[in-house]
Amino acid sequence: MDYFDIFVSILGSTIRLSIPLIFTALAGLFSERAGIFDIGLEGKMLAAAFAAACLAYLSGSAWIGLLGGIGISIVFSLIHGFASITNRGNQIVSGVALNFIAAGLTIVLGQAWFSQGGRTPGLTGDARFAPIILPGVDFMREVPVIGPLYANVISGNNILTYLAFAAVPLSWWILYRTRFGLRLRAVGENPAAVDTAGISVAWLRYRALLVTGVLGGFAGAYLAIAQSAAFINNMSAGKGYIALAALIFAKWKPVPVMFACLLFGFLDAVANFMQGKSIPMIGEVPVQIFQALPYVLTCILLAGFIGIAHPPKAGGVPYVKER
Amino acid sequence: MRPNRIPNLPRIRKERLRLTPHPAIELAGIDKSFGAVHANKNINLTVAKGSIHGIIGENGAGKSTLMSILYGFYQADRGEIRIDGKPVTIRDSQTAISSGIGMVHQHFMLVENFTVLENVMLGAEGGQLLAKGVAGARKELKRLETEYGLDVDPDAVIEELPVGKQQRVEILKALYRGAEILILDEPTGVLTPAEADHLFRILKVLRDQGKTILLITHKLREIMAITDEVSVMRRGEMVATRKTAETTVEELAELMVGRRVLLRVEKGEAQPGKVLLSVKNLTVKDSRGVTMVDDVSFDVREGEILGIAGVAGNGQSELLEAIAGIRKPTSGEILIDGQPVAGLDPARLRQIGLAHIPEDRHHMGLVLKFEEYENSVLGYHREPRYGRGALLDLDAIRKDAEEKIAKYDIRPPNPRLKTANFSGGNQQKIVVAREIERDPKMLIIGQPTRGVDIGAIEFIHRRIVEMRDAQKAVLLVSVELDEIRSLSDRIIVMFAGKVVGEKTPDAGEQALGLMMAGIAA
């Protein structure tokens, strides 16, 4: 394999590995810009993956699976909202609790329903999202450089991949060009300003969490019924936390979120590729080094070496009217 | 084109209002309790249209509660609100806004990283998409600007504006929503004298254009300077309403407190002795590396009060913290009794005899969740009279606390009460008692009476003067120019981290104001 082929293959898997990160990080973006920290992204993704796999298997339709994933993710989001908005609980505690619930419940229910050690039965045909071959691939394949990129990176992905990339400008537009976006950004910075302007802080934050739920559902569905063909124990494997790191790394802005996710996806792809291979002069590099890089980069960022990351000012603080 | 969701067209409304004979606001029998606290007792109030009406009272007198009821933050338990002669039920801020009431809060309700335009539009965007409303909002802002002299760049980001302008944005927000009645809650607390004058000019223009203004303040001078009528609240009751022209500062103070109050601090000539605290070429940078105190030098002698005047944020806080050992100076010297002390920690400085009453009692002076007696020894708890080794002698501490409570008239007189449950004035007395009763050699004080009511102010001021008369050195920082002028023997003014000049306390307010604004030296 020459170097260009390797490059194309790594790029292709970068895209595949970035998609759940992009959905999840955007999910976190809506929640956190509204002032609700969401450490429960991991749990939402996992629960949504499980629900999507179950429903896709039972119905034979990937779309129903997707809807199921979105549904359960919204439920998780609303529980988080009920704890942290309505009851003004601690957002971190609530998020962590939801992660535990998702991790435990998926295995228990999976085992009870399908008896395959927590896995769901494999999906075939319409029960999962198949790759879409874009027109002109055969023709383009012959073109040097651009051809392989088009055929292997741009074409041949499933519908959710394209939706993820569409969700980025859409999120930007919602956040910066609509009334909902203006209010959402305001409520994450100074909820009292929103309240005194005659807008309900709680309702606004619940609506933000609904968006978070929908996007979290997409992320989970992608894992179980697009990238894989079944639910596997703990298949989110920390991606929710990586997405959270990407969100911080991107300073809570939609377009940088996409690039941060692509970067972290790329590191993951390189880690997979490097498994068991040795670099000349250095020797075999432990794959954990690449896996740790997203966290290391985020820590460096938070320490203030790459600009300053300002989280939304009201983040993590339940809103209480002052006398 | 005007955005379509803004309630009331101001112009049309104004014409209509002039024709109607009703008062702008009538409150009848407003009553409100929070649990056992009876915050508003049967309040009646009539505010004439096109007037500036002052509401004055001590902290906890119920002013803020009353205004919160008017703005829909709380609902009254009983009573009626009539706006423009019509009874209204104000359920939330939204109904207050659509009844033509606008509020300028003490702590601005602005989103700091938004532009002026975004802040003004928030809640009155004129449609689902922002693009539609923006052009209309710009035009409307321009109109308000020319009509009332409220010039602010609509594209400026709030956090980059000086506070005076931020406040103008708050006023613009209210006017943009068609407010006919403007409530201002302690509006001058954060302003320079020049900015306050500018605000008053704006308020007079607004009044002359037919707006009604409710001004809530505890500063008697402002009431006298700008209001047409004034109502006094005390312990949840409306005790009097006067025409401003027919009353005096003394009468109002007496009405507020319920007894005669000494507004002037009585003190004799200072008898300055030797230099006790000496600051030489002190420079302090904050955590971002910005120079906050820039090459500052001064001396404080025994038996004198040196006042540092200046608008908040001009380096006074950092200066105090550097002297108190909380912040490390970047360069320069601090000498106490000729000994260099820069860089020593606060515990060591206390042993040397430096007492510190910090600017912000909530963040630095007290642990609000502690009981009163715990706070009354905080920082001095290692002293042998409060315990031995790792153990505290709680009996001794409580007895000590009780003595201070009696001497400083701290209410309620209960050392076991959680500190958060004391009023601002009593909390401040806890801090003052702790620091002064230690009999230090010198005292540094920041904002001794911020958020403290008149009775307690009088008490704290007297203590400070007593310290001076006992030949202690006192360094006083306050943003209240009146306080600086009435207490200090000498005044230095800080602007942008530098000392811009020194004056005697009889220097005119205007001269000091110009120095505080960095215009004159």
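This is a predicted model: local features need pLDDT of at least 70, side-chain atom pairs count only at pLDDT 80 or more; totals for chains, interfaces and linings use all residues.
Figure 1. Among contacts in chain A between residues at least 6 apart in sequence, 76% link residues that are at least 24 apart. The secondary structure of this chain consists of 13 helices and 2 strands. Chain A is as compact as a globular protein of its length, because its radius of gyration of 20 Å is close to the 20 Å that the globule rule gives for 323 residues. Along the principal axes, the C-alpha atoms of chain A occupy a box of roughly 70 × 50 × 40 Å. Of the 323 residues in chain A, 47% count as buried.

**Figure 2. The largest nonpolar core.** This core comprises 226 residues, and those with the most contacts inside it are A:Ala49, A:Ala53 and A:Ala246. Helix α10 of chain A, residues 201-227, supplies the largest share of the core, namely 15 residues.

Figure 3. Helix α11 spans residues 239-249 of chain A and is mostly covered, with 10 of its 11 residues buried. After α11(A) comes A:Lys251, which has a positive phi near 55°.

**Figure 4. The side of chain A that touches chain B.** Here 18 residues of chain A are in contact with 25 residues of chain B. On the chain A side, the elements that give two or more residues are α8 (179-189) and α9 (191-196). The residues of this side of chain A divide into 7 nonpolar, 4 polar and 7 charged.

**Figure 5. A hairpin of two strands in chain B.** Strand β9 (residues 229-234) and strand β10 (residues 237-243) of chain B run antiparallel and are joined by 6 bridges. In one of these pairings, B:Ser231 has B:Thr241 in β10(B) as its bridge partner. The hairpin of β9(B) and β10(B) has 2 residues between the strands, and B:Arg235 takes a positive phi near 45° in this hairpin.

Definitions and conventions
Residues are numbered from 1 along each chain as its sequence is written. Chains are lettered from A and ligands numbered from 1 in the order in which they are written. Two residues are in contact if their C-beta atoms, placed from the backbone, lie within 7 Å. Helices (H or I, at least four residues) and strands (E, at least two) are DSSP runs, numbered from the N terminus. Ala, Val, Leu, Ile, Met, Phe, Trp, Tyr, Cys and Pro count as nonpolar, Asp, Glu, Lys and Arg as charged, and the others, Gly among them, as polar. A residue is buried if 20 or more other C-beta atoms lie within 10 Å of its own, exposed if 12 or fewer, and partly exposed in between; C-beta atoms are placed from the backbone. A nonpolar core is a set of buried Ala, Val, Leu, Ile, Met, Phe, Trp, Tyr and Cys residues joined through C-beta atoms within 7 Å. Two strands pair if DSSP finds at least two bridges between them. The radius of gyration is taken over C-alpha atoms; the globule rule is 2.2 Å times the number of residues to the power 0.38.
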